[in-house]
Amino acid sequence: MTPGHHPGGAGDQQVVGADDVPARPPDTAPHADRSATASPRQSSPGAAPARRTSPAQQVTEQLATRTREILERPRVEQSEEERAREKQVVHECRYLMRLLSTRRRSEGEMRQRLAEREVPADIAHETMARIARADLIDDAAFAREWVQQRRSLRALGDEAPRRELGARRVDAELIEAALADGQSDEERAAAS
């Protein structure tokens with residue numbers, strides 16, 4: 001064995017200055033030696049750390065352990081039917097994401113698109129649930145943007161955006177909030 005090298009395998013690395021660090025008795029607390037920190041790669045698997053590790057190294061080690069646990073977990077076999085269902089849900093999610101890439105859409109509008117494609121109800125429900133979990137549905141923001149665009153580009157009053165948002169199945173409460181947003185006090189007074 002060469003000085004400064006610990007036994008292990010072909011992937012072990014040489015520890016620089018290991019001869020200079022005094023050996024610590026096994027009952028000594030790990031935090032007693034603050035002079036040096038060990039890298040996770042410098043200790044052999046299964047061996048107790050000889051030196052205190054930094055918080056970043058601890059997080060790295062925890063993540064590596066968690067990743068190993070996930071990779072070693074036995075996989076649950078899916079039936080052919082479950083695989084086909086998952087494939088269809090992913091296909092519909094991609095379709096909705098393509099729609100969302102052009103402009104923001106309301107939840108009702110996306111549901112209507114799925115219905116027009118004759119997507120089965122259970123697939124449509126799961127697709128919308130995944131889109132919602134990804135925070136891609138925000139009817140309030142959609143309504144605000146719609147009203148703002150219609151007011152700035154077409155100088156429309158409130159009735160046209162109200163009708164258009166209703167056709168896109170946005171809740172009436174969200175429509176009224178969007179119409180009230182951005183109005184001056186005089187405009188609100190004139191509207192009532």
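## Arg-163 on helix α6

Arg-163 is exposed, with a relative accessible area of 56% (exposed means over 50%, buried under 20% and partly exposed in between, using a 1.4 Å probe and protein chains only). This arginine is found in helix α6.

A word on the model: it is predicted, so local features need pLDDT of at least 70 and side-chain atom pairs count only at pLDDT 80 or more, while totals for chains, interfaces and linings use all residues. Residues are numbered from 1 along each chain as its sequence is written, and side-chain values use heavy atoms, with hydrogens and water left out.

## The chain as a whole

The chain has 8 helices and 0 strands; helices (H or I, at least four residues) and strands (E, at least two) are DSSP runs, numbered from the N terminus. Of the 192 residues in the chain, 23% are buried. Looking at contacts with a separation of 6 or more, 50% come from residues 24 or more positions apart, where contact means heavy atoms within 4.5 Å.

## How α6 meets α7

Two packed helices are described by the angle between their axes and the distance between the axes. Here, helix α6 (residues 159-167) packs with helix α7 (residues 172-180) at an angle of about 145°, and their axes are 10 Å apart. Axes are lines fitted to C-alpha atoms, for helices over the stretch in contact, and angles run from 0 to 180 degrees between N-to-C directions.

On the α6 side, the contact is made by Pro-161, Arg-162, Leu-165 and Gly-166, and on the α7 side by Ile-175, Glu-176 and Leu-179.

## Aromatic rings

Which two residues form an aromatic pair that is tilted? They are Phe-142 and Trp-146, at 5.7 Å centre to centre and with 40° between the planes. Rings of Phe, Tyr and Trp (its six-membered ring) pair if their centres lie within 6.5 Å; planes under 30 degrees apart count as stacked, over 60 as edge-to-face and the rest as tilted. Because they are 4 residues apart in helix α5 (residues 139-154), Phe-142 and Trp-146 are separated by about one helical turn. Phe-142 is buried, at 2% relative accessible area, and Trp-146 also counts as buried, at 7%.
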